[in-house]
Amino acid sequence: KCLNAWMRCIKYGGVCVIEHSASHSASGACELDPFGADIVVMPHLITMWGEGKYGVRQILEAPRNPYENADIYFIIIRRF
């Protein structure tokens with residue numbers, strides 16, 4: 001529901017950028033943030049949720065913070 005609401009605010013051809021890290025995977029799910037999906041599953045989920053209205057355009061790896069050992073990605077979602 002949340003992603004659908006965000007994407008309705010984006011003009012046709014526009015993009016929404018979602019940050020994803022290991023804390024967003026299934027192992028990072030908790031009572032406050034119960035949704036958890038690994039980065040390899042997210043493009044499939046977003047494609048299903050988009051139902052042809054939006055989809056993943058690109059996944060970028062964020063620059064690494066030398067003080068943290070975490071992979072962070074930016075998922076670029078484009079509205080069709």
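Modeller: Start with contact, which here is heavy atoms within 4.5 Å. Not counting residues up to four places away in sequence, Ala22 touches Ser27, Gly28 and Asp71. Ala22 sits in the loop between β1 and α2; helices (H or I, at least four residues) and strands (E, at least two) are DSSP runs, numbered from the N terminus. This is a predicted model, where local features need pLDDT of at least 70, side-chain atom pairs count only at pLDDT 80 or more, and totals for chains, interfaces and linings use all residues. Residues are numbered from 1 along each chain as its sequence is written, and side-chain values use heavy atoms, with hydrogens and water left out.

Biologist: Which residues make up the largest nonpolar core?

Modeller: A nonpolar core is a set of buried Ala, Val, Leu, Ile, Met, Phe, Trp, Tyr and Cys residues joined through side-chain atoms within 4.5 Å, where buried means under 20% relative accessible area (1.4 Å probe, protein chains only). In soluble globular proteins, nonpolar side chains tend to be buried together. Here the largest core has twelve residues: Leu3, Met7, Ile10, Cys16, Ile18, Ala37, Met42, Leu45, Ile46, Tyr54, Ile75 and Ile77. α1, β1, α2 and β3 (72-79) each supply at least two of its residues, and α2 gives the most, with three.

Biologist: What is Met42 in contact with, leaving aside its neighbours within four places in sequence?

Modeller: Met42 has contacts with His20, Phe35, Ala37 and Ile75.

Methods. Buried means under 20% relative accessible area, exposed over 50%, partly exposed in between (1.4 Å probe, protein chains only).
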